[in-house]
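Here is a friendly walk through a protein chain for someone meeting it for the first time. Have a look at the sequence and the model before reading on.

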Amino acid sequence: MPSALQNISLKHLGTEIQNTMYNIRGNKQAQATAHGPPVEESSQSAEPQRGEQPLISDPSIPAEKEPEDPPKSAPRSCVPSGPMQKPKRQSNTFPFFSDGLARSRTAQEKVVALEQQVLMLTKELKSQKELVIILHKALEAAQQEKRASSAYLAATEDRDRLELVRHKVRQIAELNQRVEALEQDRERLVHEAGLREQQVQALQQHVQLLMDKNQAKQQVICKLSQKLTEDLAQPQPADATNGDFLSQQERLEHLKDDMEAYRTQNRFLNSEIHQVTKIWRKVAEKEKALLTKCAYLQARNCQVESKYLAGLRRLQEAAGAEPGDFPELLQQLVQEALQWEAGEASDSVGLSPVSEYDDYGFLTVPDYEVEDLKLLAKIQALEVRSHHLLALEAVERPLRDRWATLTELMPSAELKQLLRAGVPREHRPRVWRWLVHRRVQHLHSSGCYQELLARGRACEHPAARQIELDLNRTFPTNKHFTCPTSSFPDKLRRVLLAFSWQNPTIGYCQGLNRLAAIALLVLEDEESAFWCLVAIVETILPAEYYSKTLTASQVDQRVLQDLLSEKLPRLTAHLGQRHVDLSLITFNWFLVIFADSLISDILLRVWDAFLYEGTKVVFRYALAIFKYNEEAILRLQDSLEIYQYLRFFTKTICDSRKLTSIAFNDMNPFPMKQLRQLRAAHRERLEAELRELELLKAEYLERRASRGRAVPEGCVSEDEGEGDS
């Protein structure tokens, strides 16, 4: 139901219903076409059967009813109806008998085809009824929302609006009570499932005990049979032969009885094992269904809470500085919403709505000083959690299964699509090591990292002081780099110092600390993080990206501006009219590969594709971010408001699937040849501008040197003044 409701537009409900009915009719015609040939063959094969039917049919059946049920009369014609037909059947030849058999088979095939059509039409009718029910519910929800919005807009006084807000708050409280009741039902069902699991384990132990007993008895039977065989093989005296034979025969009868009893007992135990296995499978399926339902309910709860907070934020903005109790009530509701943490009961299944830190140590709700930003951060965290829970069963589990089957990684189109969809956390370190090794295998040598560390201990690098200053500014919202007892800052220091000795032309540049920190959080190994940094700076990004002039970085900003004009002309014109320079925002995106901009879940998906495909992925996601928020930016008319929105708007992106779809589908075509041509053209222009700037600088220095540093009369330089005193 959620996926169906999300795909229905409430504004054009009639058009959506017509399109849905048109699709259903198209499916019917396609299925009828697919099932057409067997029906035609059966009808063609039934024609000669109808022609031959009066010759051999039962005379007791009336003639009027024969054409009404031809499929039933055909099998009846192949069976002799009385003793008078027996000689006639015996005198028939084999070809006539085979013709009758073929006719009966075609009639059966026709019946089977018709039954399949009936089942298919029944399923279609059921799906259409479900669709009508969904549309009715969606229409009712839209009408209720419209009535509430109309009542709010029609209210003339603040007291009426306040009463409407209180009514909505009461409705939200009722929804929360329903969610709590459902949580209690889920806990009860989980408890019952646990009891059933204990019963199943006890039954399994009992079955295992019975199986052990059965095996022991079978071993006894085998030993007795072997002993009997040995006794029969040994020669005995003639006098004792008769007595021994009778006693052995009695023993043999007893053993046969025992064997039959054991067989019966074995069959009973096998049936019990089968029943226990069926019970266990049903309990496991029920538990899985309950967990799925719990995840869905929690996702809906997160969405309800997010909408509630968003409504409070809009009311707070609309209220402004109005006098009265209304703003104070809103402020109180906002404070309660920020302090409220939902659902402790869900900790038993590990599905808490919002945890303090994510899997990589980043704060899920950043601690902003501004109250409005705190509310926005809480809304964003709830939306991220709801998207994750809704995609858990439909997207995440199949993706994990596909990654689990990839034991050996090889470059392929399938691997490219999997990397774009995102690597699961448990597989990401292995995949990143393989991607980095592909990039640096011509540079990698055993012991190189340890040699660079030893060189750093022997002699201090000029960039060591700047590295030490930047360590404390690396990811202040990540617990691994802010905790005093964490080992990550020391690892980061060693990785950056080793790279400064590895690449002396760059040494150290601000931004490298964030790249190395991301690599450390994922790979957790110093040497692997070092080679990941080498792969990004020396093989993936263009040369001079981190040079003193940042030439390649400036070129990419101009290339991005050209691509924005091509892919998003409305947005480019809107920003151009208000003289907004996007490079002030996007320059840092490219320098640290979005490390400071996107939430960790989306950031690491970007890096998954970036390490495999290269810098083209950065351009794709930069364009996708603007496309994702295009309408919101177009609504802003003041340049100052636009700059304030662009400062934090990347943190409001919550739907990673939507952003990925925009980057790799909506931005197509995106040829690498075009990117190379744009880079070459802008690099040539930038180098010409830099040469002209160097000439102007040289001319200024020459003029200054030719004038000398003559001091006007009455003016004393600082050095002379100090000397006189």
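Which hand does the crossing of α16 and α18 have? The crossing of these two helices is right-handed. One thing to keep in mind throughout is that this is a predicted model.

**The chain as a whole**

Let's step back for a moment. The chain has 28 helices and 0 strands. Out of its 725 residues, 34% are buried. Take the contacts in the chain with a separation of 6 or more: residues 24 or more positions apart account for 76% of them.

**Around α16**

Now back to the helix pair from the opening question. Helix α16 covers residues 488–502 and helix α18 covers residues 526–540; they pack at an angle of about 45°, and their axes are 10 Å apart.

Who does the touching? On the α16 side you'll find Lys491, Arg494, Val495, Leu496, Ala498, Phe499 and Gln502, and on the α18 side Glu526, Ala529, Phe530, Leu533, Val534, Val537 and Glu538. Sorted by class, the contact of α16 with α18 has 9 nonpolar residues, 1 polar residue and 4 charged ones.

α18 is one of several partners for α16. The buried residues of α16 are Phe488, Pro489, Lys491, Leu492, Val495, Leu496, Ala498, Phe499, Ser500 and Trp501. They pack against α13 (448–458), α14 (464–471), α15 (479–482), α17 (512–523) and α18.

Proline 462 and serine 500 are 38 residues apart in sequence, and their C-alpha atoms are 9.1 Å apart in space. Proline 462 itself sits in the loop between α13 and α14. Is proline 462 buried or exposed? At 75% relative accessibility, proline 462 counts as exposed.

**α12 meets α17**

α17 turned up above as a partner of α16, and it also packs with helix α12 (residues 428–440). Here the angle is about 130° and the axes are 9 Å apart. α12 and α17 are therefore oblique to each other. Arg428, Pro429, Trp432 and Arg433 come from α12, while Ile518, Val522 and Leu523 come from α17. By class, the contact of α12 with α17 has 5 nonpolar residues, no polar ones and 2 charged ones.

| Helix | Number of residues | Reach, first to last C-alpha | Expected at 1.5 Å a residue |
|---|---|---|---|
| α16 | 15 residues | 21 Å | 21 Å |
| α27 | 36 residues | 52 Å | 52 Å |

In α16 the reach is close to what is expected, and that goes for α27 (residues 672–707) too. The buried residues of α27 are Leu675, Leu678, Arg679, His682 and Leu686. They pack against α19 (551–567) and α23 (616–628).

Most residues other than glycine have a negative phi, and most peptide bonds are trans.

Against that background, look at the loop between α26 (656–666) and α27, where proline 669 is found. A cis peptide bond joins asparagine 668 and proline 669, with omega at about -5°.

Next come two residues with a positive phi. Phenylalanine 475 is not a glycine, yet its phi is about 50°. Its place is in the loop between α14 and α15, and at 4% relative accessibility phenylalanine 475 counts as buried. Isoleucine 593 is not a glycine either, and its positive phi is about 55°. You'll find isoleucine 593 in the loop between α21 (583–592) and α22 (600–613). It is buried, with a relative accessible area of 0%.

**One more buried loop residue**

Last stop: asparagine 629, in the loop between α23 and α24 (630–634). Its relative accessibility is 6%, so asparagine 629 counts as buried. What does asparagine 629 touch, leaving aside its neighbours within four places in sequence? It is in contact with Tyr645, Phe649, Thr652 and Ile653.

Key
Residues are numbered from 1 along each chain as its sequence is written. This is a predicted model: local features need pLDDT of at least 70, side-chain atom pairs count only at pLDDT 80 or more; totals for chains, interfaces and linings use all residues. Side-chain values use heavy atoms; hydrogens and water are left out. Axes are lines fitted to C-alpha atoms, for helices over the stretch in contact, and angles run from 0 to 180 degrees between N-to-C directions. Helices (H or I, at least four residues) and strands (E, at least two) are DSSP runs, numbered from the N terminus. A crossing is left-handed if the near helix is turned anticlockwise from the far one by less than a right angle, and right-handed if clockwise. Contact means heavy atoms within 4.5 Å. Ala, Val, Leu, Ile, Met, Phe, Trp, Tyr, Cys and Pro count as nonpolar, Asp, Glu, Lys and Arg as charged, and the others, Gly among them, as polar. The expected span of a helix is 1.5 Å times one less than its number of residues. Buried means under 20% relative accessible area, exposed over 50%, partly exposed in between (1.4 Å probe, protein chains only). Angles under 35 degrees count as roughly parallel, over 145 as roughly antiparallel, 65 to 115 as roughly perpendicular and the rest as oblique.
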